[in-house]
Amino acid sequence: IQAHLVPDDIWAHVAIFSTLALVLLSSPALLVSCVFPLSVGALLTRPLLSVEIPWLEFGIVVVLGVLTSLRYGITGRYLAVFTVWVSTDYLSHLFLGLNGAKAMELGQHYISWALWGQARLV
């Protein structure tokens, strides 16, 4: 979708991921609660493409994250961090990128890869 060719969008993603990295590094439990579900989601992306259920990968990532965060007793913090992360990523595509609607459509099936892709920009 070439959304990362716009300099403002690149800087927004760098700022989003850098801030997120600092927050995650401050809490090992939060780091595990975010990294584990995104890693599993990224591994399941390809097999799930044959299933025509929008937001399935996203749902799996959220459920795994909540279950992991329950184990550490940080469910509220996990949900807050994950919600802010996904929201700021979408809003940066919507207002700074080339095609916010296409980014939203791809987010239905590739949210794990999209969020991991931010690390590549940093």
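Visitor: Leaving aside its neighbours within four places in sequence, which residues is threonine 68 in contact with?

Guide: General idea first: contact means heavy atoms within 4.5 Å. Here, once neighbours within four places in sequence are set aside, threonine 68 touches Val32, Ser33 and Phe36. A word on the source: this is a predicted model, where local features need pLDDT of at least 70 and side-chain atom pairs count only at pLDDT 80 or more, while totals for chains, interfaces and linings use all residues. Residues are numbered from 1 along each chain as its sequence is written, and side-chain values use heavy atoms, with hydrogens and water left out.

Visitor: Is threonine 68 buried or exposed?

Guide: The scale runs like this: buried is under 20% relative accessible area, exposed is over 50%, and partly exposed lies in between (1.4 Å probe, protein chains only). Threonine 68 counts as buried because its relative accessibility is 13%. Threonine 68 sits in helix α3, and its C-alpha atom is 9.3 Å from that of tyrosine 78, 10 residues apart along the chain.

Visitor: At what angle do α3 and α4 pack?

Guide: Axes are lines fitted to C-alpha atoms, for helices over the stretch in contact, and angles run from 0 to 180 degrees between N-to-C directions. Helix α3 (residues 56–72) and helix α4 (residues 75–96) pack at about 150°, their axes 8 Å apart. That makes α3 roughly antiparallel to α4. The cut-offs: under 35 degrees is roughly parallel, over 145 roughly antiparallel, 65 to 115 roughly perpendicular, and the rest oblique.

Visitor: Which residues make that contact?

Guide: From α3 come Phe58, Val61, Val62, Gly65, Val66, Ser69 and Leu70; from α4, Thr75, Tyr78, Leu79, Phe82 and Val86. For classes, Ala, Val, Leu, Ile, Met, Phe, Trp, Tyr, Cys and Pro count as nonpolar, Asp, Glu, Lys and Arg as charged, and the others, Gly among them, as polar. The α3 contact with α4 has 9 nonpolar, 3 polar and no charged residues.

Visitor: What about α2 and α4: at what angle do they pack?

Guide: About 55°, with axes 10 Å apart, and α2 and α4 are therefore oblique to each other. In α2, Leu30, Ser33, Cys34, Pro37 and Leu38 meet Arg77, Tyr78, Val81, Phe82 and Trp85 in α4. By class, that gives 8 nonpolar, 1 polar and 1 charged residues.

Visitor: How many residues are in the largest nonpolar core?

Guide: A nonpolar core is a set of buried Ala, Val, Leu, Ile, Met, Phe, Trp, Tyr and Cys residues joined through side-chain atoms within 4.5 Å. The largest one here has 16 residues, and Leu20, Leu24, Leu30, Val81, Phe82 and Trp85 have the most contacts inside it. Helices α1 (7–25), α2 (28–48) and α4 each give two or more residues to this core, and α4 gives the most, with 5.

Visitor: Where is leucine 94?

Guide: Leucine 94 is in helix α4 too. Leucine 94 is partly exposed, with a relative accessible area of 36%. Its C-alpha atom is 9.6 Å from that of aspartate 9, 85 residues apart along the chain.

How values were computed: Helix = DSSP H or I, 4+ residues; strand = E, 2+ residues; numbered from the N terminus.
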